[in-house]
Amino acid sequence: MPLIKLDNISKFYKSGEGVSVGMQKVSLEFNYGEFIAITGESGSGKSTLLNVISGLDTYEDGELYINDEETSHFIVKDWENYRSKYIGFIFQSYNIIDSYTVYENVMLALEVQNYPRKLRKKRALELIEKVGLLSHKNHKASKLSGGQKQRTVIARALAKDCPIIVADEPTGNLDSESSKQVINLLREISKDKLVIIVTHDYDQVKDIATRKIKMHDGQIVEDKLIKETRLVDKKIEPKIEPMTLPTVMKFALRNLLSKPKLLIFFTALQVMIILVFTITYSNVMHSARNINIGFDLGLSFSQPYYDFNKNYMSDNRMNILRKDGKDFTTADYEYLSNLNGGDHYIYKDVISIDSEIVYNISYESNGRYYYPSGIKFDTSYHIEHNPQFLIDGSFNIENMNQVIVSNAFDIQVGEHVSMYHQAYVTMVFDSIHEGNYIYTITGNNKEYFDSYTYDVYFLDESVFTIPNYFDGTIDLTNFIATDKLPMIDYVKITTTEWKGEDRLYEVVGIYNDANRNVIYFSHDDLIPTTSSSNTFSLSASNNVTAKRLFNSIDKSEYRVIFPNEEADIVKKILAPLYFLFSLLFYSFIYLFALFLYFILYSVMKNVMNSRKKDFAIFRSIGTNEGKLGLLVIFEQLYMVLIAFIIAMITLNIISYYDYSMNVILEQITIIDYIVLLLTFTYLSFWLARRFNKKTFRISIIENLTESREETI
Ligand code: ADP
Ligand code: MG
């Protein structure tokens with residue numbers, strides 16, 4: 001029973017319009033123990049014959065038998081299996097992975113066949129010694145001479161204990177000394193194996209060859225027995241295990257590391273893509289999450305910052321009145337201070353605070369005037385308790401008229417911020433003080449105002465307005481009928497005229513603004529000394545504790561105005577709309593990602609093409625498509641992981657120094673990080689798959705030919 005039998009095999013190549021004959025009606029038998037020399041002029045079909053025998057290329061006509069088994073029904077997997085179990089290749093153009101060392105190239109074959117782990121290293125070194133390259137074992141293949149490369153390939157072919165060795169002009173590119181070494185090696189290994197060698201120099205092998213086959217025009221013109229071989233009739237079923245997953249993962253890593261320049265280039269490219277995408281993503285997501293549908297289209301600049309119910313009140317803050325309208329007592333103060341462990345601050349006279357409205361903030365920096373908008377205020381207490389990254393200066397505000405500002409303001413420590421304070425009071429008296437219908441505007445507010453508007457709210461929800469009242473003291477009994485007086489629910493007093501005042505604040509510290517534009521004042525600046533307190537204001541160190549605080553307040557005793565919570569409720573009601581909008585934004589942003597990855601793909605495609613040779617080698621020594629595909633996928637995954645980490649670290653570092661970047665980063669939540677990572681992982685996976693499809697569509701020989709053409 002012949003090991004290999006060709007029965008009337010023909011192979012044609014379609015090139016352009018014409019068809020050229022590779023070989024025609026070839027019938028041959030091969031067996032163990034034979035050393036076959038195939039000769040013939042160039043173009044006679046020698047390589048074609050070899051490629052067909054070794055399952056590297058397909059054939060059109062006839063039948064090839066392996067161990068008596070027909071191969072016409074073979075699918076890709078069967079050929080992979082056959083190659084990995086039976087064939088060791090040695091090509092003319094030493095197909096070697098240039099970026100690997102000699103040792104790694106040999107090791108590759110052992111790992112691919114899952115050679116016992118413990119013996120691998122020893123075996124690899126033995127083989128390298130056998131081909132005389134021990135002193136070169138750690139040299140990169142690209143640095144070797146032709147002869148050394150060819151010997152490495154032989155060592156690699158030997159690493160696989162396979163029954164058939166095919167060599168296509170193995171000495172074609174070698175000088176005579178190297179040729180001799182290679183031929184001697186072949187002689188050594190030919191024992192018990194079937195060795196088929198294509199050569200144009202028959203003299204080189206005439207002493208070893210047992211049979212000589214000559215080809216011409218794709219046909220066998222001579223088949224001569226030189227030496228009788230002792231026929232070894234054995235049916236070897238070589239045991240070769242497929243590569244394991246950890247091996248594939250290791251290879252992927254090694255492949256990346258063996259080409260540091262490429263790794264750096266593509267990682268940098270991906271980092272850029274990830275940065276661009278992340279920045280776009282966070283901006284778009286920010287818009288998606290903060291759409292205000294028909295609600296609060298933004299406050300005009302003339303809106304007071306510290307007004308009740310208004311959005312410019314800090315997220316951390318809530319205002320509190322007693323439901324019975326009485327002044328706060330010490331007990332109230334104690335209760336409110338001690339809520340939730342007391343990690344919050346109480347402003348006592350909130351009316352006064354809220355009447356001290358800052359209209360304009362301006363400052364001069366580098367000769368330019370700035371009028372930042374959307375600023376919120378807090379006291380220095382909070383920056384001490386919730387310190388954010390301080391870039392310059394100090395947290396300690398020692399005097400009044402000192403502030404710590406966000407790096408959102410382009411301002412240096414020691415410079416001054418000028419604020420134009422204007423009183424624009426909205427005072428709410430929750431109910432009438434018993435038996436007393438006289439209101440007097442007291443304290444330092446009074447001097448600013450020229451006239452007042454009184455809105456008197458009745459229990460039946462009707463409102464009575466007294467406009468343009470010019471005295472700071474009013475007796476409601478003069479305006480409202482006696483029988484309606486007990487029906488008064490509360491009174492809102494609004495000033496209609498005011499005087500302004502410029503105040504200069506010295507900037508003593510700059511902090512990295514992780515949240516919003518906040519100016520931190522000293523307490524003293526915001527807390528007036530006068531204390532007629534029927535409204536308290538609680539301010540927590542962040543909006544989470546603020547919410548907790550809000551929840552813990554006894555609502556039966558106190559009325560709590562917490563704008564942050566109200567905003568949340570509106571959001572909840574509009575949730576379905578938000579969802580639709582978000583969906584829209586998401587689809588938009590993912591189209592963008594796809595676009596970026598198409599760019600990446602078109603750049604990477606060319607580089608991947610140049611690696612076709614490597615992949616062809618992997619396949620020719622018995623890696624199957626599935627594993628090789630996995631290898632490519634892992635390479636991409638490693639790369640995207642590295643790129644992602646670098647991109648995120650970069651973003652974080654930049655955001656410490658650049659406010660606009662900080663605003664971007666602030667939008668990214670943990671879930672976003674996960675979504676982003678999954679997005680890029682998926683895209684890389686897609687990239688690898690796309691590339692795999694292209695590579696595995698064509699045969700190994702086509703891949704090798706293509707890569708050779710491209711490298712020439
Ligand atoms: P040899 O190895 O003896 O030089 P080949 O087997 O490489 O010959 O080629 C045999 C014939 O097939 C030649 O005429 C050659 O032009 C043709 N041939 C080989 N490979 C291809 C190919 N990939 N495309 C088209 N024609 C090919
Ligand atoms: Mg050839």
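**Exercise 1.** Determine which parts of the chain the salt bridge between K259 and D614 links, and whether each residue is buried or exposed.

*Solution.* Step 1: the side chains of K259 and D614 form a salt bridge, 3.2 Å from N to O (a side-chain nitrogen of Lys or Arg within 4 Å of a carboxyl oxygen of Asp or Glu). Step 2: K259 lies in the loop between α8 and α9 (260-289), and D614 in helix α17 (residues 612-620), so distant parts, 355 residues apart, are linked (helices are DSSP runs of H or I, at least four residues, and strands runs of E, at least two, numbered from the N terminus). Step 3: K259 is buried at 18% relative accessibility, and D614 is buried at 10% (buried is under 20% relative accessible area, exposed over 50%, partly exposed in between, with a 1.4 Å probe and protein chains only).

This is a predicted model, in which local features need pLDDT of at least 70 and side-chain atom pairs count only at pLDDT 80 or more, while totals for chains, interfaces and linings use all residues. Residues are numbered from 1 along each chain as its sequence is written, chains are lettered from A and ligands numbered from 1 in the order written, and side-chain values use heavy atoms, without hydrogens and water.

**Exercise 2.** Describe the salt bridge between K250 and E111.

*Solution.* Step 1: the N to O distance is 3.1 Å. Step 2: K250 belongs to helix α8 (residues 245-257) and E111 to helix α3 (residues 102-112), so the pair ties together parts 139 residues apart in sequence. Step 3: K250 is partly exposed at 41%, whereas E111 is buried at 2%.
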